2 protein chains.
Amino acid sequence: MEFNPFLKNIKTYESGKDIELIAKEFGLKEVIKLASNENPYGVSPKAKEAIINNAHLAYLYPDDTMSELKQALADKFKVQKENIIIGSGSDQIIEYAIHAKLDHSKAYLQCGVSFAMYEIYAKQLGVKVYKTQSLIHDIDELYELYKKYKNDIKVIFLCLPNNPLGECLDKTQVFEFIEKIDEDCLIVIDGAYNEFASFKDKNKHINPQELINKFINVVYLGTFSKLYGLGGMRIGYGVACKEIIDAFYKLRAPFNVTNLSLKAAYAALNDEEFIFKTLKNNFLQMKFFEDFAKKNKISYIESYTNFITYFFDEKNSTDLSEKLLKKGIIIRNLQSYGLNAVRISIGTEYENSRFFEEFSKIF
Amino acid sequence: MEFNPFLKNIKTYESGKDIELIAKEFGLKEVIKLASNENPYGVSPKAKEAIINNAHLAYLYPDDTMSELKQALADKFKVQKENIIIGSGSDQIIEYAIHAKLDHSKAYLQCGVSFAMYEIYAKQLGVKVYKTQSLIHDIDELYELYKKYKNDIKVIFLCLPNNPLGECLDKTQVFEFIEKIDEDCLIVIDGAYNEFASFKDKNKHINPQELINKFINVVYLGTFSKLYGLGGMRIGYGVACKEIIDAFYKLRAPFNVTNLSLKAAYAALNDEEFIFKTLKNNFLQMKFFEDFAKKNKISYIESYTNFITYFFDEKNSTDLSEKLLKKGIIIRNLQSYGLNAVRISIGTEYENSRFFEEFSKIF
């Protein structure tokens, strides 16, 4: 059977193995996953309660207006419901952005290394990718590249802070940059980890309301997968002017998130105790990873997220990751990004101590 | 901001209002929803238990290999895991089928009135739609139309049984039809309600294994939204030869279903008591809707599903639906399909009696 020719260029995404499979394969009693930047403190207790209390309603299709959650987000950000779209993870809003603005004759721009899904979705449409030489966001180089190819570039992704490297631009840099970009170019501010960056340093905070009041060509993305502990529920959101949201809505399939995800996200949004605990412990534990790196002369970039990335000179990241895996510790090898580096999610105190213990033996 | 021109032709899907909103709007204590063909007996108890027992794991990304559920489906259908893809509802597999085979230069074929999502997804790509004059599946007319436009038609949807009309082709008719279609044309057998049809009449049963062993150009779609009581969890599946599944996999975003949906679907698959109860009661209750129609001289098509469609001559379906809505009973008006008809989901004994009570007053 013949399929559309563009499918030939798409590589099927191969996901990591999950905890149960690893445990079985290596005969392990305990597996510690520090690979996907999930919340090490689990699900927001309020969200868990909402899931359990609504489990009996799982037979009903979701309320596709999603007005309860949209209103809660609108209130939080002091915007209108019409400025919000809910996605199956913020990933899905990335997909909408690419499909709404790009095709094989156009391009998007990102820094040298950023969230892999931008490129995966773009390749599905044969969209060209421009990346800076700089791995991290270099605002001048981004602008130089934009100027050079501005006829092609119709989307720019800024990942603030950046996954998988961890650095973060200041808000003032971001706003100054956007000022210089043509209004027909859509700028996607991926704020999946922005709550972490904002907690560490107020200068990194992006306020969606301020952003969309000032710019008509920007969408801010947020997720419930990280801070709110709902990685498994596949729910995130976009905030933008109504014109952009309306365009994205045309690409949305009805019922794109589950009813329990809507209920869980709504509950998690107000779980302030859990949010504070997560943020505070994250940076307390981050310190141990920084100290460990210094002590062992491992290069790292200061991280504004819930993970840290270690760069190696002589040691090989694939080798290290595989050795750790056999000990029941999963971290993310960044070979596929062309880096001899690993990304380690900041876990609980116990999980981190197990990582340091096993990593010390092999490093 | 300019968006891709094809967006101009897409109408945003407007969903029905949900129970809570209706109750609030009309100040109703009780709202009965017989509009979306959900399972009136609620969630499969085993699935509900799985959701509650796994709620604490909602912070972990889903196992993207989905091997547990895929193996269970493979065992059920006596096929290989490689023959299965899981979607966010079987809707998503419809989307993959259209995106894998069609673009604005091609067409798909369906009967006069069938599941609305086929056309919605097709219009997103500017795909041409051929429909038979016959509202229900007329296998001869489908073949005549196919022969006439076979250079354009690269996908055929057969909805067995058909939503929203309820009729169902026999398996032998379906197999004879597929024999005559070119192997480069993908035939999608939408079996969302096929368990209901099979229960009523064995001749309607489509066995996915038999289907894919015989034909390399067919995909069978199933869902957990109806019989298994998981409409809110957004999970369905496709069964086809490996070549088709591989092509669809290229279009799949990672983590396209939630981890709780995977757990719930796995549990529901073996909830035989619930499945039997649902099927048996559905057709016991269907009888009351047939009797009511006969008594009131309302035309209907014999239904092989969990809903029944009433056609009106003098009365107006919009008027009737709105009057019922104010009484707290939601049914599906089929005006948007160009029909002066309503689709009523078969509810519980109590729900149905309430429908008859209120409908008698206004009809």
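Me: What makes the crossing of H3(B) and H11(B) left-handed or right-handed?
Reply: H3(B) passes H11(B) in a left-handed crossing. The term applies if the near helix is turned anticlockwise from the far one by less than a right angle; clockwise is right-handed. The model is predicted: local features need pLDDT of at least 70, side-chain atom pairs count only at pLDDT 80 or more, and totals for chains, interfaces and linings use all residues. Residues are numbered from 1 along each chain as its sequence is written, chains are lettered from A and ligands numbered from 1 in the order written, and side-chain values use heavy atoms, without hydrogens and water.

Me: Why is H3(B) called roughly parallel to H11(B)?
Reply: The axes of H3 (residues 67-77) and H11 (residues 259-268) of chain B cross at roughly 25° and come within 9 Å. Angles under 35 degrees count as roughly parallel, so H3(B) is roughly parallel to H11(B).

Me: Which residues make the contact?
Reply: H3(B) supplies Glu68(B), Leu69(B) and Ala72(B), and H11(B) supplies Leu262(B), Lys263(B), Ala265(B) and Tyr266(B); contact means heavy atoms within 4.5 Å. By class there are five nonpolar, no polar and two charged residues.

Me: How do you know that E7(B) and E8(B) pair?
Reply: Pairing needs at least two bridges found by DSSP. Five bridges join E7 (residues 218-223) to E8 (residues 236-240) of chain B, and the strands run antiparallel. Thr223(B) stands opposite Gly236(B) in E8(B).

Key:
Axes are lines fitted to C-alpha atoms, for helices over the stretch in contact, and angles run from 0 to 180 degrees between N-to-C directions. Helices (H or I, at least four residues) and strands (E, at least two) are DSSP runs, numbered from the N terminus. Angles under 35 degrees count as roughly parallel, over 145 as roughly antiparallel, 65 to 115 as roughly perpendicular and the rest as oblique. Ala, Val, Leu, Ile, Met, Phe, Trp, Tyr, Cys and Pro count as nonpolar, Asp, Glu, Lys and Arg as charged, and the others, Gly among them, as polar.
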